[in-house]
Amino acid sequence: MPPNHSGSVFHFEEYMATKDERVNKSLDEVVPLRQPLKIHEAMRYSLLVGGKHIHPILCITSCELVGGDESLALPMACAVEMIHTMTLIHNDLPCMDNGDLRRGKPTNHKVFGEAIAVLAKDALFSLAFEHVVARTIDVPPEFVVQVEAELGAAIGSDELVVSQIVDIACKGQQVMDLKELEYIHVHKTVKLLEASAVCGMIMGGGSMAEVERVRRYAKCTGLLFQVVDDILGIRKVPKIELIPNS
């Protein structure tokens with residue numbers, strides 16, 4: 001369970017490690033190595049490569065915060081990780097960022113070829129939504145519909161897709177308006193983190209007020225996470241001069 005106000009000590013690292021292990025085990029079961037072998041190898045290659053698993057753990061924690069059991073949110077947690085992995089494969093493609101490495105390993109298209117990488121991300125995308133519907137139990141159907149809509153909206157043409165368009169348009173710029181940078185971060189990185197937290201809260205039976213509170217929290221922490229990520233140079237963001245908003 002996440003921290004409470006009972007005065008008991010919360011062991012953060014132990015909690016994260018436990019949730020990480022459960023998410024990894026579930027993802028391994030969701031995408032077994034089966035025929036057609038090549039596509040499932042490619043899906044597993046990026047899905048099980050490691051990483052912080054912030055999205056699925058945030059989903060589970062939000063569910064637990066309102067008294068829900070981990071099992072209620074685990075299918076959704078796996079789904080958001082599949083969607084997150086899909087976006088990474090997508091971003092690394094030659095037609096996008098043309099990335100060579102991801103988490104210290106060759107990117108999916110470098111290992112399996114561009115065509116298989118495209119198919120792998122497409123398969124993860126569809127499997128994410130299927131998995132929520134097929135594996136979620138003891139949750140009211142209207143909640144399942146609500147989280148599917150929330151997740152779909154987060155990666156649609158008004159959010160992740162449009163941020164990628166703006167990102168592409170800004171490539172090569174030596175000067176970027178601070179508002180443009182924030183727009184890209186909010187609609188690309190932050191929105192999926194926000195959806196992860198919100199979906200977990202819904203699965204746990206949170207009220208509308210609780211859902212909106214966790215939405216604001218996730219938006220702020222997601223933006224902070226991305227800013228720190230950029231400062232550390234993890235994504236090798238180009239050195240640009242930011243123009244403060246007037």
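**From a cis proline to the packed helices**

Modeller: Happy to! Let's start at Pro36, which lies in the loop between helix H1 (12-30) and H2. Helices here are DSSP runs of H or I with at least four residues, strands are runs of E with at least two, and both are numbered from the N terminus. The peptide bond leading from Gln35 into Pro36 is cis, with omega near -5°.

A word on the source before we go on. This is a predicted model, in which local features need pLDDT of at least 70 and side-chain atom pairs count only at pLDDT 80 or more, while totals for chains, interfaces and linings use all residues. Residues are numbered from 1 along each chain as its sequence is written, and side-chain values use heavy atoms, with hydrogens and water left out.

For orientation, the protein chain holds 10 helices and 4 strands. Read from the N terminus, the order is α-α-α-α-β-β-α-α-α-α-β-α-α-β. Of its 246 residues, 46% are buried, meaning under 20% relative accessible area, with exposed being over 50% and partly exposed in between (1.4 Å probe, protein chains only). Taking contacts (heavy atoms within 4.5 Å) with a separation of 6 or more, 69% join residues 24 or more positions apart.

Now to the helices themselves. Two packed helices are described by the angle between their axes and the distance between the axes. Each axis is a line fitted to C-alpha atoms, for helices over the stretch in contact, and angles run from 0 to 180 degrees between N-to-C directions.

On the H2 side, Lys38, Ile39, Ala42, Met43 and Leu47 meet Ile116, Leu119, Ala120, Ala123, Leu124 and Leu127 of H6. By type, this contact has 10 nonpolar residues, no polar ones and 1 charged. Here Ala, Val, Leu, Ile, Met, Phe, Trp, Tyr, Cys and Pro count as nonpolar, Asp, Glu, Lys and Arg as charged, and the others, Gly among them, as polar.

H6 (residues 114-135) also packs with H4 (residues 70-92): their axes come within 8 Å and cross at roughly 165°. That angle makes the two helices roughly antiparallel. The crossing is left-handed, so the near helix is turned anticlockwise from the far one by less than a right angle; clockwise would be right-handed. H4 brings Pro75, Met76, Cys78, Ala79, Met82, Ile83, Thr85, Met86, Ile89 and His90 to this contact, and H6 brings Ala117, Lys121, Leu124, Phe125, Leu127, Ala128, Phe129, His131, Val132 and Arg135. Among the residues of this contact, 15 are nonpolar, 3 polar and 2 charged.

H4 itself is largely enclosed by the rest of the structure, because 21 of its 23 residues are buried. Its end C-alpha atoms are 32 Å apart, in agreement with the 33 Å that its 23 residues should span at 1.5 Å a residue; the expected span is 1.5 Å times one less than the number of residues.

Helix H3 (residues 54-65) tells a related story. Its 12 residues reach 16 Å from the first C-alpha to the last, close to the 16 Å expected. Since 10 of those 12 are buried, H3 is largely enclosed by the rest of the structure. The buried set is His55, Pro56, Ile57, Leu58, Cys59, Ile60, Thr61, Ser62, Cys63 and Glu64. Just past H3, Gly67 takes a positive phi of about 90°.

Apart from neighbours within four places in sequence, Val214 is in contact with Ser62, Ala197, Val198 and Met201. Val214 counts as buried, at 8% relative accessibility.

Finally, look at the loop between H4 and strand S1 (101-102), where Asn98 sits. Asn98 is not a glycine, yet its phi is positive, at about 55°. With a relative accessible area of 42%, Asn98 is partly exposed.

Technical notes
Parallel < 35°, antiparallel > 145°, perpendicular 65-115°, else oblique.
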